[in-house]
Amino acid sequence: MQMENLTREIIERTGRFNASVLTEDVPFETIRHFGMQTGRETDKFAHFAPFSRSKNGLIYLTEHTNAMFSCEVKEKINLGSHMMFIGEVTESKVLGKQPPCTYAHYHKAIKPKL
Ligand SMILES: Cc1cc2nc3c(=O)[nH]c(=O)nc-3n(C[C@H](O)[C@H](O)[C@H](O)COP(=O)(O)O)c2cc1C
């Protein structure tokens, strides 16, 4: 997790996080919404309906995802530019059968071509 990200700060403060596995059909708008703006300037879930809550009280996405994991931080490793969190899975769910969206698929099929 990049040091300047709000997500890094919140994970360090709370010691927990959820991870959603995006699927290949994820629209660029979802990537842009969560990945290209910071929660320091906007509440990313304020106008984003398709989510639910896990047992740890956190939010996870319910559309364009095939799985979710709730994790408790067991270790954090400072890599300089990034903080690496090692989490123990406390809950997980299978949410669909679509193939997961890899970074390669994002670059090939989702990211707009300039
Ligand atoms: C395709 C894509 C992949 C990304 N991967 C990561 C990542 O692995 N780690 C990370 O810290 N930020 C990653 N980012 C950047 C963050 O999503 C971005 O900095 C975000 O605005 C941080 O929001 P926050 O400040 O609310 O945490 C990625 C962005 C995109 C578009």
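Predicted model: local features only at pLDDT ≥ 70, side-chain atom pairs only at ≥ 80, totals over all residues.
Residues are numbered from 1 along each chain as its sequence is written, and side-chain values use heavy atoms, with hydrogens and water left out.

Let's begin with Met-3. You'll find Met-3 in the segment before helix 1 (6-14); helices here are DSSP runs of H or I, at least four residues, and strands are runs of E, at least two, numbered from the N terminus. So, is Met-3 buried or exposed? Met-3 is buried, with a relative accessible area of 17%, since buried means under 20% and exposed over 50%, with partly exposed in between, using a 1.4 Å probe and protein chains only. And what does Met-3 touch? Leaving out residues up to four places away in sequence, Met-3 touches Arg-8, Asn-78, Gly-80, Ser-81, His-82 and Met-83, where contact means heavy atoms within 4.5 Å. Asn-78 sits 75 residues from Met-3 along the chain, yet their C-alpha atoms are separated by 9.1 Å.

Now, helix 3 (103-110). His-105, Tyr-106 and Ile-110 are buried there. Looking down the axis of helix 3, the buried residues fall within an arc of 105 degrees, so they line one face; that arc is taken from the directions from the helix axis to the C-beta atoms. Those buried residues pack against helix 2. Turned away from the buried side, the other face carries Tyr-103, Ala-104 and Lys-108, which are exposed.
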